[in-house]
Amino acid sequence: MRWLFNLSFRHKIPLWTSFLIGVSIFVVGAALMTRAYDDMKHAVVISADNLAHTLANTVAPTLLHDDVWRAFEIVRSPIRTESARTPVQVDAVVVLARDNRVFVSSHPEALPMLSEAATLGADWLLLRAQLNAPAGTRWPLVLEPDDSSYLYLALPITDKDAQLGHLVLRYAKSVFHPWFVDTIWQGLGIGLLVLAVLIPINWYWGSRMATPLVDLAQRMGLMLRTVPDPLPPDLYPYDDELGQLFQAYDRMVLALRDKAALENEMVKSERLAAIGQLTAGIAHEINNPLAGLITVVDTLKLRGDLDPRVVRNLELIDRGLMQIRDTVAALLVQTRVQARHLNQHDLDDIHTLIQPQVGKRRIRLGWSAAMPAELPAPASLVRQILINLLLNAVQAAAEGGHVSLWLGRKEGSESCLSIVVRNDGAHLSEDQLVHLFEPFASTRAGGHGLGLWVTYQIVTQLEGRIAARNDDGEVEFTVNLPLGETSCNTASA
Amino acid sequence: MSKDFVNPLPNRNRRRWLIDSSCLAAAGLIGLTRKSQAAASKIRIGMTPAFLHDQHSLLGEWRAFMAASLRRPVEFVQRDSYRETMDLLRLEKLEFAWICDYPFLHLKDSVRLLAVPLYQGRPHYRSYLIVRKDDTRTRSMTDLAGSVFAYADPYSNTGYLSPRYEIRQAGRDPANFFGKTFFTWSHRKVVEAVASGLAQGGAVDSYIWDTLAHVEPALSARTRVVWRSPEYGFPPFVAHRSVTNADFHQMQRHLLDTSRSDAGRRLLGLLYLDGFTTGTPALYDGVARMMRAFGET
């Protein structure tokens, strides 16, 4: 039985409702049938009562005059042999004289004249006993003996106060049954018709309701492993509880996606912050002895009495130390508040500065800088960001490819400078995207892998945001920097 | 006085009383009815269950034929029992009537024999004792002792007098020979009573049973003739003695001439008769003999 309850709603709703419709039709049908049977019997008794009164009155004079033939004609008159038999069609009429013998009957062969009622069968024995019961009998007497296929109705035949005998009408119950069966078939036909109309409607309605539910259940089942997609908007566009459930699900999915994105961002930021702290620590630890070493080497170089081999070695050491200093300086990004604001000339400078690289790789450069005369952003840092991103893009773009710059106030946020650099180079892989801003993460041959690290450090220290994504066949870097005190309250674009 | 007479039928006393009283009534009414008859000049003919008198279209045709031939209006007066027609004759409400031979003898003082139909070429018929077709046991009247028996009419020869005479001839008393008897007031209904099983036996006019075998074979086929009586004079047409000689002869001429015209022969064909003859009262001596046996005059 449990399997029935475990069925999918797709089947359960139509099955249950079909079952309920069926049961309803059956119960209502059965009630109507029972009622129809009772009504039919009632109709038979009423009809019989009317007929019995008429016959009893008409037949009374024939009893008085012993006019058998006239009586026969009277009792024979309601008998139809040829027309279709109906339940209200009397089967036989019998006139019993006072001595309980048959005075006349509509069917003399089966119920012959003069025969004693008791000899006609068990039904008549019972009937005779009831007819001759002491006073108090309620007329008409309706008798439906058990195990009998007949129903009897009897009335006394009287002339003034004298009782002349009894009139007995007999109805065949076997005639009831075909009529009743007819009624059942009719009822069944109507029931099936109703079912034929209701079941498809019910299946359609059930599946309309079940399909979104099934869809929802499947998506909910996936939820632990991944964030599922929202439901298609036209799946169930109504506002009942089911519709509300789907809307709530959609809201939940969106919230989950935001949460997942935020978590990713946080993990990334925390990792980068940890790396920054680590590198800064290492850089400081290196810088102090390094400064001493450089001073020593410089002092040594000033002495004129040195062996030329030593001098050569000193210069080798000096170049090595300088390389260490440069690398450590690059790792240790230090932003200092600078008074000068970014202006149009800075952008022109950058444009000029990258031209040799652009020309060398035959890059088409798109330049769109909605730049007022001056923006309250630190000029040297922004210049470094721009140069890093643009050179990076020029290197990443295909030979003869396309690189574009868009710079301006961020849409919908006046206090935010937005820089978008795009190139048509190879897409970044998932793994690259995760480790993009870490130091020495470059996959490009010849790169030292510190350009984006430095850029990231500068942007972060300026309380801005940087993000990279693959978009429409291009790779896009977006930087948002706050202008002034207010921060750019945006998620990574 | 016979036993039968002492133990009369329910109607017996009433019949006597009616005959007596109607004589008085007739005397009183005679003047009035004669006058009205002369004024209307209409002929009233009583039709009885002596033939299949419920064939209404046949009766209508016959009446029209008769009126055209006599050039006088004709009225057929149908009654369901012989007694009623006899009463109408006595009261001079009828000029003519087609009655059974037994009533003719009862009324012989007040009516004249007008004509006798010819059945199968002769003015004779019989009484048939019939039982149900499936009753193969009964071979004679005596086999029906104690049964339910249907008589046609207390004034019918073949449907009452003759079978009772047969019982009497067998040495039994017809009054208690049967378990139960009843009258159907028509020969045709005797056949129905026997066919339906209401009665085990019945006495019926041979002319009517034979005619039914043609007209309604399904009904007569459900019965079987067990015994045929001797021949009796066929139920006659009679005229009341008050009818003028001219009217009497005109009517007699008309009846005798029926078989001479095509229309008449067609009608006779429908009635399963061959024509009419004048006949003599001697035809009915056999009935008179039976009546005497029962103490009737």
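A64(B) counts as partly exposed because 13 C-beta neighbours lie inside 10 Å of it; on this scale a residue is buried if 20 or more other C-beta atoms lie within 10 Å of its own, exposed if 12 or fewer, and partly exposed in between, with the C-beta atoms placed from the backbone. The place of A64(B) is in helix α3 (residues 56–70) of chain B, where helices (H or I, at least four residues) and strands (E, at least two) are DSSP runs numbered from the N terminus. The C-alpha atoms of A64(B) and V74(B) are separated by 7.8 Å, although these residues stand 10 apart along the chain.

This is a predicted model, in which local features need pLDDT of at least 70 and side-chain atom pairs count only at pLDDT 80 or more, whereas totals for chains, interfaces and linings use all residues. Residues are numbered from 1 along each chain as its sequence is written, and chains are lettered from A and ligands numbered from 1 in the order in which they are written.

**The sheet of chain B**

- In chain B, 6 strands form an open sheet with mixed pairing, in the order β2-β1-β3-β12-β4-β13, and two strands are said to pair if DSSP finds at least two bridges between them.
- The edge strands of this sheet are β2 (74–78) and β13 (275–277) of chain B, each of which pairs on one side only.
- Neighbouring strands are turned against each other by 25 degrees on average, direction ignored; axes here are lines fitted to C-alpha atoms, for helices over the stretch in contact, and angles run from 0 to 180 degrees between N-to-C directions.
- Helix α4 (residues 82–90) of chain B packs on the sheet and touches β1 (43–47), β2, β3 (96–98), β4 and β12 of chain B, its direction making about 155 degrees with that of β1(B).
- Helix α11 (residues 245–257) of chain B lies across β3, β4, β12 and β13 of chain B and runs at about 10 degrees to β4(B).
- Strand β4 (residues 111–118) of chain B pairs with strand β12 (residues 237–240) of chain B in the antiparallel sense over 4 bridges, and L113(B) stands opposite V238(B) in β12(B).

- Chain A has 11 helices and 12 strands, and 22% of its 493 residues count as buried.
- Among contacts in chain A between residues at least 6 apart in sequence, 63% join residues at least 24 apart, two residues being in contact if their C-beta atoms, placed from the backbone, lie within 7 Å.
- Between the chains, 8 residues of chain A are in contact with 13 residues of chain B.
- The side of chain A that touches chain B has 6 nonpolar, no polar and 2 charged residues; Ala, Val, Leu, Ile, Met, Phe, Trp, Tyr, Cys and Pro count as nonpolar, Asp, Glu, Lys and Arg as charged, and the others, Gly among them, as polar.

**Helix pairs of chain A**

- The axes of helix α6 (residues 241–302) and helix α7 (residues 308–331) of chain A come within 9 Å and cross at roughly 155 degrees.
- α6(A) and α7(A) are therefore roughly antiparallel to each other, given that angles under 35 degrees count as roughly parallel, over 145 as roughly antiparallel, 65 to 115 as roughly perpendicular and the rest as oblique.
- The crossing of α6(A) and α7(A) is left-handed; a crossing is left-handed if the near helix is turned anticlockwise from the far one by less than a right angle, and right-handed if clockwise.
- The contact of α6(A) with α7(A) has 13 nonpolar, 2 polar and 3 charged residues.
- Helix α8 (residues 344–360) and helix α9 (residues 379–396) of chain A have axes that come within 10 Å and cross at roughly 25 degrees, which makes α8(A) roughly parallel to α9(A), and their crossing is right-handed.
- The axes of α9(A) and helix α11 (residues 451–461) of chain A likewise come within 10 Å, crossing at roughly 145 degrees, and this crossing is left-handed.

**Strand β12 of chain A**

- Strand β12 (residues 474–482) of chain A is mostly covered, with 7 of its 9 residues buried.
- Strand β10 (residues 416–423) of chain A pairs with β12(A) in the antiparallel sense over 8 bridges, and N423(A) has V475(A) in β12(A) as its bridge partner.
- Strand β11 (residues 465–471) of chain A also pairs with β12(A) in the antiparallel sense, over 7 bridges.
- β11(A) and β12(A) form a hairpin with 2 residues between them, and D472(A) in the turn has a positive phi of about 55 degrees.
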